[in-house]
Every structure is written in C-alpha cells, then in structure tokens.
Amino acid sequence: MSKVIRSATFALSFGYIAFGVVALVLFAAPLWYAWQVTVEDGRAEILHADALRLTEVFRHEGAPGLKAFIDARVGMQLPGERILLLTDSSLQRLAGNLPQWPKTVPAQPGTYTVSLDLSGKPTESVVVRTALPGGYNLLVGRDVARFAPLTRHFWTGLGGAVAVLSIVGVLGGVLIRQAILARINSIRQTVLAIVQGDLSHRLPTRRSGDELDTLSRTINGMLDQIEQLVHGIRDVSNSIAHDLRTPLAELRSRLEELSLTRPTTEETFAEIDAAVADVDRVIRIFNALLRLAEIDTGMRRSGFVQVNANELAAEVVEFYVPAAEIKDVTLSFASSGPVSVSGDPTLLAQAVGNLIDNALKYAGERGSVRVEVQTRADGAVVITVADDGPGIPDSEKPKVAQRFYRGDISRGTPGVGLGLSLVQAVAKLHGGTLELADNHPGLRARMIIEPGALLAGRPRSMVMAEPQAVVPGAEKSPAEPMVL
Amino acid sequence: MKLLLVEDNERVTRFVVKGLQEAGHTVDNADNGREGMFLAASEPYDVIIMDRMLPGQIDGLQIVETLRKSGNRTPILILSALSDVDERIKGLRSGGDDYLTKPFAFGELLARLDALSRRSQGSATQTVLEVGDLRIDLLSRKAMRGERSISLQPREFKLLEYLMRHAGQVVTRTMLLENVWDYHFDPQTNVVDVHISKLRQKIDADFERPLLRTVRNAGYMLTADE
C-alpha cells in the first residue's frame, strides 16, 4: 500500500511507465543482439563449411565432378534451402540454382549480405564467394528473408509488452492519483480553514502511519506550536499594552505637568530625574521582552556549550549572598557534585538568578532560601530554589509564569512580572520544564533540564507538580547543605 | 581625548557631542558610513564610537572590519539598537572593543569610553595596584589599606581589582556585572550595589577618607582625590 501511495502524482506514474519501458528495452536489447550475432555467425559458419566441402569436391574431382555434385544437390534440396552457383572464369554459369552470376556480389572472395534476384523478386541473402583454382567461382548462399517473421514476432512482442505496461501504468496512475488527490484535498480543506483564521483545526490522521500520515502529524505539530505562539503574542500584546502604558502614562503626566506649571529650577530637575527613571523602567521591560522573544525563537540553541550546572548555580548563589544578608535571609546551596548540561550559560545564570531573586523577595524576615542542584536517576538535571515565604496559591500557579502576570502578593514589590516567564522560556529552550510546588511553607521552584528532551525535539510546556510529588533521585542523593 | 562619533541620528549626535565636549573631549562626527570610514582611517583618535546601521552603503561593522584589516588598532565602541547576544558577539568579533545597546545612559557611554582609552594605554602588566593608601598585590592576592591588611573573598578581590584598574574613572553597574561576574543580563535588583557596599565596609569603614564613591546616575568611582 505504502509503495503505491508513494507515487503521489500522475507525473510520477508516467515516470514509472517511462522507466518500465526503458528497463524493457534494456532487457530486450542484449537479447536482440545475442540473437543477431549468434544466428548470423552460425549461418555464415555453415555457409563457410559448405563452401569448404564443395572446394574439396572440386579438388578431388575437378570442375565436372563439382558440377555434377551441385546439380545433384540442387535436385535434392528443398526450395530456398541453399543458394548454389558455380561459374567459370568469365562468370558464365556451369551449375547451380541461380540463372546467372548476380552483379551485386563484390569481386573479392568473402562473405557478403546482398540482395539477390530469387525467382523474380529481390531477396536479402547471405553469400560466401570462393575462388577455385582455374578461375572458377563458387557462390554458396542462404536466403535470410525466411527469418524475417521471427524478427517481426520479436518486435511485435516487445511492442505489446510496452503497450500493456503503458496501459497498466496509466490506469494505475489514474487510480493512485484519485486516491492521493482525495487525501490531499482533505488536507487542503483543513489548511484553508486554518488560513481563514481558525487555528483550532487539525489535519485528519489515520492509524496507517504512511508517509502522508507522517506529514500530517508533523504539520499538526507545527500547527500546535503556531497556535501556542499566536496565543502567546496575543497575551503579550495585551500585557504590553497594560504594563508599558502605566509607566508611559506616568511619564506623560509628569512631563505635561512640568510643561504646564513651570516649577522652580530645582523642582524641575527633580522631576526630570524622575522622568528618566520612568523611561529606564520602560526600557527595562522592553529589554526583558526582547530577551524573551530571542529565547522563544530558539536561535540561542546554536550557541549551546557544555555548562557545569553545579558551578554555575554556586556562582549565582554567591552573587546573591550579600543581597540575602541585607535582608537577613539565609541563602544556602547544596549539590550532589558536578553536573554537565548542554546550554547557554548566560541564560541559565539569568534563570537561576531570577528564581533566587524571586525567592529573596518573598522569603520571610530571617527566613531561608535553599538552592539545590541534583541529577535525577533518569539523567535529568534539577535546579531547585525553595523559599519559606507565603508561596503561591494553587489556583495561581499556572498563571505566574505567564508574561506580565503579577500575583496579588507581588503587588507593590519591584519587578516587571517577567521573571518567571523568562525562567520558563529558558527551561523550554533547554528542553526542560519549570515546576512550581509547595514547600510547606513557601514556594519550591524546580527547573528540570532533561538532556534527551532536546534531541527528541519536544520541548514541554509547564507542568504543575502536585505538592506530594517527589523528584525521584532527589531522595536517593541527600546532599549536605552548605551554608555560604 | 580626541573622539570620533559615527552616527546618523541628528538628535543622538547632538546630545552625545555636547555631553562629550562638556566632559572635556574633542569630538569629530560623521553622519554616514563613507565619511566615517574616511575620518577613521585618516585621523588619529583615542576612541571611535561607531553606530551599526548607517546610510551610505557601508555599515558600522564593515568600517570596523576594514579598519582592523588595515592595521588600525584604535579602540572602537559599537553603538547599536540590536541587543541580541548574537549581535553583540558579531560586533565584538568584527573587531569592536565594546558594545553598547541603544537607548543608553550618557554616563554609561562616558564611563565605557574612559575604560576603553585606559585599556589602549596598556596598564595590564602591573602586579601591584595603588590608589591613595590602598594597595593590592595581584600575585599574592593581598590587599592593604595603610598598615592594615584587608581580608577579601575572591570575588571581592576581583571587584576591587577592576575598580583599581579604572581608578579615577566612573564605572557603571553594567560594566561591573560584565567584567567582574561576566553576567550579560539585568539581575533585576540592585545586587551590584550590595556588593559595593560590602566592599566599602571593608576598605573604607574605619578610615577617615573614603576612596570608593558613588557617582549619581552613573555608577561608582575609586579615587584618592578630594
């Protein structure tokens, strides 16, 4: 079935017919050649042997003996079996079944294919001309035309085969074309519906798993991704509209007020500084969005290197330790040893940094934030950042990684609401996930990077972990906490 | 310093030229690639500020590449609205010495120009750095203020070393992030400030004259001057 499907179009079936004909010809040509060579060679050989025998007769019994011999043979043989002619030196007929010496035979002794006048009509013949002592000439020949029907049969057979092949090919092509067109049409209908704006349509798939089916599945995967991106863009534009408008509105009113009230120089400068700070906030949001967009395109994967996740996380922790000390929060790091992942060090550091930054923001007074790097039994690298703050209610967990989402609890804290989105995007870029779970109390954010996931080409979206869910392997390798 | 600014946006040019002149520098400027290429190749400059996207068939990166191929080693700061990490790498690979993304704060530009000009003077081979009575030994990794030895953690030492190498110059938070931690991202909160205040505790707290100063709207400066 799949072989038939593969010849997807009419043109292709014609190609197959042409190919079949060529193959047939290639097969027939050597046959034809062998037939020709063997038969012709054999024929010439027999004629030579015959001429030799007649020469022997001539040598033993002289011209009269040969004349008598030939006469006897001509009298005995079937019509057309052998052409025999003996002439004297002036080419006058002495014996044989030709009325006179044919002019078409060249003067030198040898084997020739000539046209002879046999019983009134020119006939293609093979002749051997032999010069006998005393100027006698001997011609021994065979009428080839007798084999013509055989040749004709051969060609008719070949032509018939070609014809049958063509008919079967065309018929097959038409049938295949119809079968494939039907499926392609159904794909086209779906795609048209999608083009018209309904992204929820998917191509029909069968269980057969043939080429078209594989293609449909691949396209469906692409559509999933596009749908997700389109929704993402829609969400982001809404969020941008909201979150950029706020500082821009502030900025505008600040400047407008300045322009209207014309306060004292000193006050003006203070307002201008504040305006610059507003602009900086907008630029920050923009930079964060650009970074996210850059990550989402997946282009950064080209710059992946082997990164020691353990060392990287330890350095980020070290970077944040002074900030933790100021808040009187204990920031500790634990690891089960060096862990190598393929990734973008800058992005991974930023992601871990964002998680720690978040944790420090929400950790309680004299609280603690714990960072762990572990390798799971299945090879996945898990970077956990856990705090003892208020945590995130289960109802909000799926939303916090959305762009610009800010939970009720985060109102009034600095930040643009893109921190966790970035972590999630980075995790996804590395073929991993971001899991948010309860730390009783607090939040336990886990960035899971599965080394094989990228190769499989299926970055997963965010997974919400049940509070009870325990990372396999994390239990098996209890890591000693190292307070920095 | 004598500087060349190759930038096609009039407003940016006016703003940067004015600021640089006020900071005591001489500035030539070109508003297209051809003129920029001509000036950069014919005049001696301390630092060249090069916009990436320019009118006139030649873009900023091509000028940088051409200059480098012809053996011109003038430090070049590339200015660009393209902020991707890949673009940044491209800029530095073409021969640029630093890369600043638009929009930028003027203080950031000035600080980076100072750092670039200092770099080209080549003070990298010293093993002992001194600012006032503060002294660090790069080989033994020891720091002293006057007669008192200061104990520093490795990262603090690196931070101090960077500040001392750029003594008398303004160093921005971004420059510190990039050069001390090698982080090319925005850490959201003021973590660098916290590191600086920790360092300040160690080197300045018990001394009458503070060396590490905060420069408003720009960054920090380590200096022994009043």
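In which handedness of crossing does H5(A) pass H9(A)? H5(A) passes H9(A) in a left-handed crossing; that term applies when the near helix is turned anticlockwise from the far one by less than a right angle, and right-handed applies if clockwise.

This is a predicted model, in which local features need pLDDT of at least 70, side-chain atom pairs count only at pLDDT 80 or more, and totals for chains, interfaces and linings use all residues. Residues are numbered from 1 along each chain as its sequence is written, while chains are lettered from A and ligands numbered from 1 in the order in which they are written.

**Chain A overall**
- Chain A has ten helices and 14 strands. These are DSSP runs numbered from the N terminus (helices: H or I, at least four residues; strands: E, at least two).
- Chain A has 484 residues, and 29% of them count as buried (20 or more other C-beta atoms within 10 Å of the residue's own, with C-beta atoms placed from the backbone).

**Side facing chain B**
- In chain A, 21 residues are in contact with 18 residues of chain B (C-beta atoms, placed from the backbone, within 7 Å).
- Helices H5 (265-296), H6 (309-326) and H7 (345-362) of chain A each supply at least two residues of this side.
- By class, this side of chain A has ten nonpolar, seven polar and four charged residues. Ala, Val, Leu, Ile, Met, Phe, Trp, Tyr, Cys and Pro count as nonpolar, Asp, Glu, Lys and Arg as charged, and the others, Gly among them, as polar.

**H5(A) against H9(A)**
- H5(A) packs with helix H9 (residues 419-429) of chain A at about 20 degrees, with axes 9 Å apart. Axes are lines fitted to C-alpha atoms, for helices over the stretch in contact, and angles run from 0 to 180 degrees between N-to-C directions.
- The two helices are therefore roughly parallel to each other (angles under 35 degrees).
- Residues of H5(A) in this contact include Leu292(A) and Ile295(A); those of H9(A) include Leu422(A) and Val426(A).

**H7(A) against H9(A)**
- H7(A) and H9(A) pack at about 145 degrees, again with axes 9 Å apart.
- This crossing is left-handed.
- The contact residues divide into ten nonpolar, four polar and one charged.

**Nonpolar cores**
- The largest nonpolar core has 113 residues (buried Ala, Val, Leu, Ile, Met, Phe, Trp, Tyr and Cys joined through C-beta atoms within 7 Å).
- Among the residues with the most contacts inside this core are Val369(A), Val426(A) and Ile49(B).
- A second, separate core of 22 residues includes Ile83(A) and Val126(A).

Technical notes
A residue is buried if 20 or more other C-beta atoms lie within 10 Å of its own, exposed if 12 or fewer, and partly exposed in between; C-beta atoms are placed from the backbone. Two residues are in contact if their C-beta atoms, placed from the backbone, lie within 7 Å. Angles under 35 degrees count as roughly parallel, over 145 as roughly antiparallel, 65 to 115 as roughly perpendicular and the rest as oblique.
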